[in-house]
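Please keep the viewer open beside this text and follow the selections in the order in which they are given.

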Amino acid sequence: MTAEKFDVLIIGAGAYGLSCAWWMAKRRSGVRILVVDEGEFASGASGRNGAGFRMQWGLDLNIRLCQESTSFFETAAEQLDYPRGIELKQDGYLVLAHSEKALTTLKGSLEVQHRYGVPSELLSADDCIKMVPALGRNRLVGGTYCGKDGTISPFLLLDSLLKACRREKVDVRYGTRVERLERNGGGFRASVSNGPIEADKILLCTDWAVPELLASLGLSLPVKSLPKEAIVTVPCAPRVKPILISLEHHISVNQVNRGSIVFVVSRARDGKEIASTPDFLAFAAPKIIDFLPGVADVPVLRTWGGVSSLTPDMQPILGETEIEGLYVAVSSFRGLMTSPAVGRIMSALILENDTNDPVLTKLSPRRFQTGELIVEPLLNQE
Amino acid sequence: MPSEFQITFEGRSIAAREGQSVAAALIAAGERCLRIDEAGNPKGAVCGIGFCWECRCSIDGVPDIRACMTPVRPGMIVRRQRGLDGCNDR
Amino acid sequence: MAAAIEGVRRGCRVTVIDEGPRPGGQIYRQAHPALPGEEFAEPAELDRKHRLLSAFQAVVERIDYRAEATVYAVFPNGEIHLAQGDRTEVLRPDAMIVATGVREQAIPFPGWTLPGVMFAGGAQSLLKAQRVLPGRNAVVAGCGPLPLVVAAQMLRAGGRVAAVASLRSLRTMLRHPRSLWRGRSILLEGLRYERTVRRAGVPELMGYVPVRAIGGERLEAVALARVDREGRVVPGTERRIACDLLAINYGFVANSELVAMSGAEMRRDPLIGGWLPVTDDYGRTSVPGVFAAGDGAGLRGALVAECDGTIVGAAASLSPTAVDGAALRAELAETIARRARHLDFQQAVRATLRLPIGIWRLVTDDTIVCRCENVHSSEIREALESGHRSLNALKRNVRSGMGWCGGRTCLHAIASLAELATGEAPSEMMTPRPMVRPVPFAAIARQKKAAAE
């Protein structure tokens, strides 16, 4: 069977895949790009997250990726020609410390943020409670707040990217699984159920599943799956305006427009399933009540799960692998909020071999060989 | 519990009998609109057996209680919720 | 109830978890003892009800009977999570029988969300268990026997019924003479209900369906029109009838969310309840230890359900390795035969429940389909046209199924609309997840774990 041929094959149509595709199509017209995804629209991690974006990080590279991405979100409707908009809400993120150690981490991160002009500020415990009266006072010592952080609708972002890609003649196919990759002359050949696909370059955007396809080419990367679960309450009266993150409880809280409150609760465990686990609710409920006593009597409506990616230093992996023309973009559980910047950086790398962005040096897949790992301090992970 | 007593709905006194559901007492009194949803649509009891949640009201200050599944009590105060208003009481 | 009685008979430790305050479920719903008045059902039906309730009452001291308790989740590892009062509990039984029955189905139409439009069975439960007339002047519309029964009971209770609109005449059942003969006693009950309606002079509009509900803050009138065999509205047949209650029923959907959540293999049959667990004659699902009985395993009516309960209760009482098909069949021969007889009659009834796919055109673009999230039919159509076909994909795109009722009121309609638009109904149900009922954090935090094995 004759193979279809493309310049670039992107595997994975989440935020990273679609963003990279759009940036590439915009950068050079006429590039033949195919994006494939084994699932349905928004069925992966991009459709299963807290929907938030924050510039409040401790490492410069994370701050910069999110800063650039935040600017993009602010003008996404125009840039993607999507009049409906992506439901951008910038009511801030409030990151909370329940110990002196956590507060010290916050203060250190604040300094780095200020160096890059992030409009974040330190708040006392009283200030935090004034901002969100539902917060528990128990052990709370303070927090940091940035009013430009916020949320978008992941579905509308993906929809706008999908439509923009198709307008730029990018071919996007769902329900299409790549079984295996092989080298094919100077390029690659992907085995897909309804026929092989040949491409000069391949970009893997399958996040935690990246190692599966790398294995077929004899490569490996230390990426593990990171399952996370979330709780959605019934709609209730507004009581949480900013997104809340508790470094101690490893919980993020987002009260959406319709009034439901979404709690993403992180819990260290293995697995690749999105199914809700039996002990999750009993695990999460006491923590949630301790963190936010004001919601104790609010009924839980639904639980859901998602799987993101975990790397040894908890940082994304962006760049070219040891095989020329084979690229990866792994999000390390901050895919949505870095997708615009990652799209731009990867498009420059893949189409023009532009390796200038410092992010690429620090987040290269090859860094695991040198063993130089720097961990991001402002992590909301267990 | 006395066999007949009063409850109030939106300030109006409604006759109720021990053993009735809130929805039954209200419907018997001629009330139909139990709630106004976020889009402004009037809503009332639909399924009668507790799966549709359309009949939810604020009862004695607690929001989102299904009128069709809740027995009346003397002096009960039932209020309509308007959108998310009336859900403040939690 | 039948399953519990059988379980006790066979020496099992039985726990019954029921959302209601008293036994009886929907068909045999009991009024609170303090409420005066009577039911307007046929004496034979009341006899069956009292007999079963008495038999259950006779064993209730020997079982762990939890009233007003709700199972909000089950898991493939065999755990059952329930909420009772202000706390929750986890159980780990050797066997679980899901007998959660069915709920009613409607075909949405413009105005159907007005207060005063109710499911016919819901209106009936107000009459039956609350001793309250659900409306002063009713129109009853639907398919199958239920609308006629509800109309008759309302009349007997002193209410006024302005019209009964049946999609198909019950004479359709005559095409199954042998089935009718098997169920002749039930048929007689049905004929007596029909006589009540006829004698009251209530117009029976054959082939008519509601096309619009009219009113401001509540229902004031309904517009009915006739549809042809393909379900298309016949022009010029519309007529408007004033009413303060429109009681509708266009079939039933199984409450199969819990059994699906346990990991059981499911299949779809719109005529007998939509998504159902795949079961054998003994109610076994594809998950060892998980059984389904009654209408929740396939709409078959109360008489079949009672026999089914006994049979499944017997099967569940035996340890998984000890289910000897031949021995069980011999022991339960009489009940199995009775179940088959009652099931035979159901074939005739099913003929009246068939909906032509074209009837879903009544759901116009401006009709609200997902009531909880106010999703209009036009949004669903647009999502289908964009290529989103599964119920999960539609949910992600237009939010249908994400509200308080978890899709119980709308998903069957969305599946039918998808079938109408694309020729194919979604093959999978929306992924079942906790919670089957909303439960507050505080109750979850007060959780009693399963006793250690």
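Two strands are taken as paired if DSSP finds at least two bridges between them. With that in mind, and remembering that the model is predicted, select residues 243–246 and 251–255 of chain A, which are strands β13(A) and β14(A): they run antiparallel and are joined by three bridges. Within this pair, Ile245(A) stands opposite Ser252(A) of β14(A). The hairpin that the two strands form has four residues between them, and there His250(A) takes a positive phi near 60 degrees.

Now extend the selection to residues 261–265 of chain A, strand β15(A), which is antiparallel to β14(A) and joined to it by five bridges. Asn254(A) has Val262(A) in β15(A) as its bridge partner. This second hairpin, of β14(A) and β15(A), has five residues between the strands, and Gly259(A) in the turn has a positive phi of about 105 degrees.

Showing the side chains of β14(A) next, one finds that Ile251(A), Val253(A) and Gln255(A) point one way, whereas Ser252(A) and Asn254(A) point the other way. Strand β14(A) is mostly covered, five of its five residues being buried.

Staying in chain A, select Ser332(A), which sits in the loop between β18 (326–330) and α9 (339–352), and whose phi is near 50 degrees, a positive value in a residue other than glycine. Ser332(A) counts as buried because 25 other C-beta atoms lie within 10 Å, where the cut-off is 20 or more.

For another such backbone, move to chain B and select Asp64(B) in strand β6 (residues 62–66); although not a glycine, Asp64(B) has a positive phi of about 60 degrees. Asp64(B) is buried, with 22 other C-beta atoms within 10 Å.

From here, turn to the place where chains B and C meet, at which 29 residues of chain C are in contact with 27 residues of chain B. On the chain C side, β7 (102–104), β8 (117–119) and α3 (120–130) each supply at least two residues, and α3(C) gives the most, with five. That side of chain C divides into 13 nonpolar, nine polar and seven charged residues.

To see chain C as a whole, colour domain 1 (2–100 + 261–331), domain 2 (106–250) and domain 3 (363–422) separately; the C-alpha centres of domain 1 and domain 3 of chain C lie 31 Å apart. Finally, select Met435(C), in the loop between α13 (411–422) and β22 (439–440) of chain C, where a cis peptide bond with omega of about 5 degrees joins Pro434(C) and Met435(C).

Note on methods
Residues are numbered from 1 along each chain as its sequence is written. Chains are lettered from A and ligands numbered from 1 in the order in which they are written. This is a predicted model: local features need pLDDT of at least 70, side-chain atom pairs count only at pLDDT 80 or more; totals for chains, interfaces and linings use all residues. A residue is buried if 20 or more other C-beta atoms lie within 10 Å of its own, exposed if 12 or fewer, and partly exposed in between; C-beta atoms are placed from the backbone. Two residues are in contact if their C-beta atoms, placed from the backbone, lie within 7 Å. Ala, Val, Leu, Ile, Met, Phe, Trp, Tyr, Cys and Pro count as nonpolar, Asp, Glu, Lys and Arg as charged, and the others, Gly among them, as polar. Domain bounds come from an automatic or database domain assignment.
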